[in-house]
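Dear colleague,

I am passing on the structure below, together with some notes on what came out of going through it. Please read the notes with the coordinates open beside them.

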Amino acid sequence: MNIADLRKSYEKAELSESASHADPLQQFDQWLNEAIRGEVPEPNAMTLATVGSDLRPSTRVVLVKGYDERGIVWYTNYHSRKGRELAGNPFAALQFHWVELERVVRIEGVVEKVSDEESDAYFHSRPLDSRIGAWASPQSEVIENRTVLVTNAAKYGAQFLLKPPRPPHWGGYRLKPEAWQFWQGRKSRLHDRLRYTAQAEGGWLRERLAP
């Protein structure tokens, strides 16, 4: 099969100005909940794009763990590549792709760490193995083999037993949106694409973009 011949006609839904929310957070909440109810695989998975000091972008998939008017939250190792890149350049982009619904949401903005209290609360809600894993994995560093991880997990499991504290190098980030885009696949590649841009005086400017 020639990969250039792969095609799909998008015909599931539409996105109009009159039927969309004036507030992009409400539109996102609606779409995310529709993805959850539609049993889309991992509806909370999003691609996070950051840029390093060498100006080279990098992406990875993370899981959204909360969102409100303050922004979009996820948790990770602060010493990882994304953590190092965000420390040097706090601007990032997120993308949700719900294939089954023929929808994409893109979010751009500035990133900051969440409070220690928020990070502590989420960390202690995680399964024990995940809490031990946060100690065991030197994320983004080169390791000799998988035995390193298994050995670390055993060591920290024995050290902390059932009550591992949150590692100082692990916690949450919050992206404060400055721009949103909502994309709904349509027939003949004439897709619906709405962009919301934060205004200095407050509120959002909603515009239609050509696909």
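In what follows, a residue is called buried when its relative accessible area is under 20%, exposed when that area is over 50%, and partly exposed in between, with a 1.4 Å probe and protein chains only as cover. Please keep in mind that this is a predicted model, in which local features need pLDDT of at least 70 and side-chain atom pairs count only at pLDDT 80 or more, while totals for chains, interfaces and linings use all residues. Residues are numbered from 1 along each chain as its sequence is written, and side-chain values use heavy atoms, with hydrogens and water left out.

To begin with the overall picture, the protein contains five helices and nine strands, where helices (H or I, at least four residues) and strands (E, at least two) are DSSP runs numbered from the N terminus. In order from the N terminus, the elements run α-β-β-β-β-α-β-β-α-α-α-β-β-β. The C-alpha trace spans about 60 × 55 × 40 Å along its principal axes, and 39% of the 211 residues count as buried. If contact is taken as heavy atoms within 4.5 Å, then residues 24 or more positions apart account for 64% of the contacts with a separation of 6 or more.

Next, the interior. A nonpolar core is here a set of buried Ala, Val, Leu, Ile, Met, Phe, Trp, Tyr and Cys residues joined through side-chain atoms within 4.5 Å. The largest such core has 28 residues, of which Phe-28, Trp-74, Trp-98, Val-105 and Trp-180 touch the most other members. At least two residues of this core come from each of helix H1 and strands S1, S4, S5, S6, S7 and S8, and H1 gives the most, with five. Apart from this core lies another, of eleven residues, which includes Val-73, Tyr-75, Ala-134 and Phe-160. Once neighbours within four places in sequence are left aside, the contacts of Trp-180 include Phe-28, Ile-72, Val-105, Leu-194 and Trp-204.

Strand S4 (71-77) deserves a separate look, since seven of its seven residues are buried. Counting two strands as paired if DSSP finds at least two bridges between them, S4 runs antiparallel to S3 (residues 66-68), with three bridges joining them, and a hairpin connects S3 to S4 through two residues. Within this pairing, Tyr-67 has Ile-72 of S4 as its bridge partner. S4 also runs antiparallel to S7, to which six bridges join it, and Asn-77 stands opposite Trp-170 in S7.

Turning to charged pairs, a salt bridge is a side-chain nitrogen of Lys or Arg within 4 Å of a carboxyl oxygen of Asp or Glu, and by this rule the count comes to 14. One of them joins the side chains of Lys-8 and Glu-102 (3.7 Å, N to O); because Lys-8 lies in the segment before H1 and Glu-102 in the loop between S5 and S6, the pair ties together parts that are 94 residues apart in sequence. Lys-8 is partly exposed, with a relative accessible area of 36%, whereas Glu-102 is buried at 4%. Another salt bridge brings together the side chains of Arg-166 and Asp-116 (3.5 Å, N to O), linking the loop between H5 and S7 with helix H3 across 50 residues of sequence. In that pair Arg-166 is buried at 16% relative accessibility, while Asp-116 is partly exposed at 49%.

A further salt bridge forms between Arg-186 and Asp-192, with the closest N and O atoms 2.7 Å apart. Through shared partners, salt bridges join Glu-14, Glu-17, Arg-186, Asp-192 and Arg-208 into one network. Of these residues, Arg-208 lies in strand S9 (residues 204-208) and is partly exposed at 39% relative accessibility.

Leu-55, in the loop between S1 and S2, has a phi near 70°, a positive value in a residue other than glycine, and is exposed with a relative accessible area of 71%. Leu-161, in the loop between H5 and S7, likewise has a positive phi, of about 55°, and is exposed at 58%.

With best regards
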